[in-house]
Amino acid sequence: MFSFTRRALLACAAAAACLSAIDAAAADTATAWPEKPVRLVVPYTPGGATDIVARLIAQKVTDDTKWTFIVDNRAGGNGNIGMDVVAKSRPDGYTIGLGQTANLAINPTLFPKMPYDALKDLVPVSVVASQPVVLVVRADAPFKSLAELVAAAKARPGEIKQALAGTGTLGHMAGEVLARRAGFKVLNVPYKGAAPAITDLLGGQTDYMFATPQGALAMVKGGKLRALAVTSAKRLPVMPEVPTVGESYKGFEAVDWKAIVVPAGTPADIVKKLNAAIDKALAKPATISQLLAEGSTPGGGSPEQAAQYIRSEHARWGAAVREAGVQPE
């Protein structure tokens, strides 16, 4: 049996009082947050797909809460530079970032040295949206369907060329997974961005490409490109006539999800407060319609759900990179 002396009891009471004071201070911090502008780090250039989603979410949250966000574009390193800024920032809720499939799930295996640990140095707040890529060919290409493209690739091993917006991008990895599932050898032609890749595709230097809906939609509607398939689980509302890859290869899915993350150590109450505001913004009809119009699917859910999803994607794409033997440029 334990016995407590008066001194021990007093020590326990003092410790309990200290813990209560710490808890109260943490609660006060979360209640007061944010007392100044919040920096939202976007690891890509202004005007791109990630930047557009970041500014949309920031604006919708601001409309509800009157919080102030300052978007800070830190491009480079296939998204690693921006995420490293977030990972190494003070964990006080005043620096957050918009991570995505590349820098949180693909890069950790693609690059032999990473400046941050995607699973340990960053805490997910919410997966805000996801977007597939679209398999496109020239409008005058002989391939009228995914099946015809696959048949040609099998008949001419290593000759059919896939244009890449960059090594390790979702489009690249979607192409690698498709080649393995369909049983053909892919010949990758990497470019420094989507624009030159599409230019050469239109010029006949390459045969096909997995492009973002934003990059492909206008040219598909304009009759310059033909869309053969999308990599989402369901057909896109903006391209309902285009089948999914999964309709030919069951279970196939490859999406570029985007998630708000904060530095590890950020108070849980701040994470929950930020998550609640984002969830409310994502549920707005205007937010949903804007995301759907650009080919994205709105996200949402708890921080725990976001963390579980990102861990599963980290494992999935890590295995895909290893199996394909992809090396950084």
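# Reading the cavity, pockets and sheet

Me: Which element gives the most to the lining of the largest cavity?

Reply: Helix α2 gives the most, with 4 residues. Helices (H or I, at least four residues) and strands (E, at least two) are DSSP runs, numbered from the N terminus. This is a predicted model, in which local features need pLDDT of at least 70 and side-chain atom pairs count only at pLDDT 80 or more, while totals for chains, interfaces and linings use all residues. Residues are numbered from 1 along each chain as its sequence is written, and side-chain values use heavy atoms, with hydrogens and water left out.

Me: How many cavities of 30 Å³ or more does the structure hold, and which residues line the largest cavity?

Reply: Rolling a probe the size of a water molecule over the atoms shows where empty space is left. On a 1 Å grid over the protein atoms alone, a cavity is a set of points where a 1.4 Å probe fits but cannot get out; a pocket is an open set with protein on both sides within 12 Å along at least five of seven lines, and lining residues have an atom within 4 Å of a point. Points are joined across faces, edges and corners, and a volume is the space filled by probe spheres set on them. The structure holds 1 cavity of 30 Å³ or more, and the largest cavity has about 50 Å³ of space. Its lining consists of L40, A54, I57, A58, V61, F69, I96, I260, L274 and I278. Two or more of the lining residues come from each of α2 (49–65) and α9.

Me: How does the lining of the largest cavity divide by class?

Reply: Ala, Val, Leu, Ile, Met, Phe, Trp, Tyr, Cys and Pro count as nonpolar, Asp, Glu, Lys and Arg as charged, and the others, Gly among them, as polar. The lining of the largest cavity has 10 nonpolar, no polar and no charged residues.

Me: What is the volume of the largest pocket?

Reply: The largest pocket has a volume of about 1000 Å³. Among its 41 lining residues, Y44, A165, T169, G193 and A194 are the closest to the centre. The lining divides into 19 nonpolar, 18 polar and 4 charged residues.

Me: Which residues lie nearest the centre of the second largest pocket?

Reply: They are S130, E253, V255, T297 and Y309, out of 30 lining residues. This pocket holds about 440 Å³ of space. Strand β4 gives the most to its lining, with 6 residues.

Me: What is the order of the strands in the open sheet?

Reply: Strands of a sheet pair through backbone hydrogen bonds, either parallel or antiparallel. Here two strands pair if DSSP finds at least two bridges between them. The open sheet of 6 strands has the order β2-β1-β3-β10-β4-β11, with mixed pairing. Its edge strands, β2 (69–73) and β11, each pair on one side only. Strands β1 (residues 38–42) and β3 (residues 95–100) pair in the parallel sense over 3 bridges, and I96 in β3 is the bridge partner of L40.

Me: Is V271 buried or exposed?

Reply: Buried means under 20% relative accessible area, exposed over 50%, and partly exposed in between (1.4 Å probe, protein chains only). V271 counts as buried because its relative accessibility is 7%. This residue lies in helix α9 (residues 268–282). Leaving aside neighbours within four places in sequence, V271 is in contact (heavy atoms within 4.5 Å) with P124, V125, V262, T266 and P303.
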